There are 2 protein chains.
Amino acid sequence: MTNIQVDELQHFMKTAFIKLGVSEQDAQTCAEILITSDLRGIESHGVGRLRMYVDRIHKGLIETNVQPQIVRESPTTAVIDGQHGIGMIIAHQSMQMAIDKAHQYGMGAVAVRNSTHFGIDGYYPLMAISAGMIGMSFTNARPSVAPTFGVQPMLGTNPIAFGAPTDEEFPFLFDAATSITQRGKIEVLHRKNDQPASPDWVIGSDGQSLTNPGEILQKLVSNEAALLPLGGSKEESGSHKGYDLSTIVEILSSALQSGAYLSALSGLTADGKETRFKVGHFFMAMNIENFVPLDEFKHNMGGLLRELRASRKMPGKDRIYTAGEKEYYIEKDVRKNGVYINDNLKKDLLHVKDILNIAELSLE
Amino acid sequence: MTNIQVDELQHFMKTAFIKLGVSEQDAQTCAEILITSDLRGIESHGVGRLRMYVDRIHKGLIETNVQPQIVRESPTTAVIDGQHGIGMIIAHQSMQMAIDKAHQYGMGAVAVRNSTHFGIDGYYPLMAISAGMIGMSFTNARPSVAPTFGVQPMLGTNPIAFGAPTDEEFPFLFDAATSITQRGKIEVLHRKNDQPASPDWVIGSDGQSLTNPGEILQKLVSNEAALLPLGGSKEESGSHKGYDLSTIVEILSSALQSGAYLSALSGLTADGKETRFKVGHFFMAMNIENFVPLDEFKHNMGGLLRELRASRKMPGKDRIYTAGEKEYYIEKDVRKNGVYINDNLKKDLLHVKDILNIAELSLE
């Protein structure tokens, strides 16, 4: 167990993508998106996924020698075919298109098909925020979540990300799966020697809850378990709302681009062989200056968020947070102390270092 | 207790708005939005609210002799000041603007301030669907929902509505509060002789749950109780996700239009007198033909929704629904059998009939 400084880790990841045949600029983009996840404390989507990308590229499931194609374009909209390239590069380019359109017309939306895993959803709204805009990003994913009254993994964890600038040191940034939890968190528990999952999170085929991370990960693959949508399994607790929100993300990530949806995203052929993921995304940018002056908007945001934080606390709780606040403090800490690398992750990184013949990282 | 046919009830509501000084066309809009709620089985937002509108107009809290003003406009965006008019008329006009902009440029978004209660959120996406578009509608509301780790009613029930056309007999239509439940449902239980609320729904100042609808309605007003966001009160069950989604709705409904937010929507002055509501809305339309041919989109939608419905059911459940499906069957039933009018609602309608001197409705 050790910590690696952010710059060193980011450089290592960039080098890995370059060794995989990615251009220097695109490799920089990939490394920046991955490190942003680690900086925000989202262990499940940062350097912890590097080996997965390497393996998938080596297997030909993700292409490195393709360019996203514009299928259709209008003043405010575009449909992009990712050509099964690296999701982060496709997504970065697509969000930039949405931002450029919003600069010109006020709004921009880009629908993407045939992409692959694009890292943390929250990165893309951050691009919009840097441009003085509101940004939104959606993606579908491998089936893992059951509909209300269902037990079969049908929907992906289908995250929603929404970001807006504020007059504070950090923006408002929401980035969350529409399931109560997501596969990545189960993987983290699994890597931490199978610490048990919450009984609210996963339902088995028999309608009973499952808590062993190893068992859950296996049964998600074999379709014998499913994550539960936000709101849980009952209408009384709002299950249908989480399920419907997840369906909306699935719609935005597939119907507008005639892309793959639900079972077609399993990553497996009918006879169980690994195949391309065909992930879809949807990006939106709104130029704030088209509505109100940016400074006025930021002031409105800050006032709203500070009023929420100042409201009356539950007995036993001394603080109310707003979206992106905790992550802001985590980032300060990670920039100072580096990214924590546990033994399993160390093994993965040494594997990547070894097969790609990278000299720079000293982990031994 | 009795049932009134849809046409008769809609005509009665239209007449009421005309008697209140509203133009025939706008009165038709109001009646249509209210009856759409009853048709979809959402008792809390239809004819059951008619008396509330009448009372508020009589008190001068809602104006009938004003027109929404365009504060700012760009190719795809607008900011509207509702001038404290009838929310349904303001919202109808604003959503139409968003649709017109989307026709021309692909996307349209309209932010509204100084509005009032606009009926069911789901009506406005239906307008977009009729125009071959995806529609979204958001509104803030009187503070009633606590942030995660809080007990004070800060956010409104802040609904999200999202609709898209399909190749089926009915569209996909999501319309739900970002709280687990909403004030209207508590009011319905209260009208039904105080049938108890779910213990998941409401938290008291002491952190304990409340279930008596009469007590809840009182304590929501006195700030001694709050509705819980989707995901409940704990982070483990996703409380922060519901809270953040509600905050996003609050942002869209206030920050882009420099409108009122949170406590400023209480409808009360500092010394407890009734005052204007200053509700904000946000409408968005996306023209599907800018992405894919409309028929192709509808086919994509239908395939996705049918696959969800056909998936494996929980033991004891024989059916999985998609958003708007249950409401479609309810509408068929209500069109045939009329709207059910219980004794409390009958009293309200007779009161409206009496004070507005309307002849047409035979309820006695």
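This is a predicted model: local features need pLDDT of at least 70, side-chain atom pairs count only at pLDDT 80 or more; totals for chains, interfaces and linings use all residues.
Residues are numbered from 1 along each chain as its sequence is written, chains are lettered from A and ligands numbered from 1 in the order in which they are written, and side-chain values use heavy atoms, without hydrogens and water.

**Exercise 1. Work out how chain A is related to chain B.**

Step 1. Superpose the copies by least squares on the C-alpha atoms of residues with pLDDT of at least 70 in both.

Step 2. Look for the residue of chain A that comes closest to the rotation axis: A:Gly231, with its C-alpha at 2.6 Å.

Step 3. Compare the interfaces. Because 100% of the interface residues of chain A are also interface residues in chain B, the copies meet through the same surface.

**Exercise 2. Describe the seven-stranded sheet of chain B.**

Step 1. Find the strands, which are DSSP runs (E, at least two residues) numbered from the N terminus. Two of them pair if DSSP finds at least two bridges between them.

Step 2. Write the order: S2-S3-S4-S10-S5-S6-S7, an open sheet with mixed pairing. Strands S2 (69-73) and S7 (172-176) of chain B stand at the edges with a single partner strand each, so one side of each has no neighbour in the sheet.

Step 3. Zoom in on one pair. S5 (residues 133-139) and S6 (residues 160-164) of chain B run antiparallel and are joined by four bridges. Within S6(B), B:Gly163 is the bridge partner of B:Gly135.

**Exercise 3. Examine how domain 2 of chain A meets domain 3 of chain A.**

Step 1. Count contacts (heavy atoms within 4.5 Å). In chain A, 12 residues of domain 2 touch 14 residues of domain 3.

Step 2. Find the buried area, meaning the accessible area (1.4 Å probe) that two parts lose on being put together, summed over both. For domains 2 and 3 of chain A this is about 1,000 Å², with 58% from carbon and sulfur atoms. A:Ser144, A:Val151 and A:Ile180 supply 47% of the area that domain 2 of chain A buries against domain 3 of chain A, more than any other three residues.
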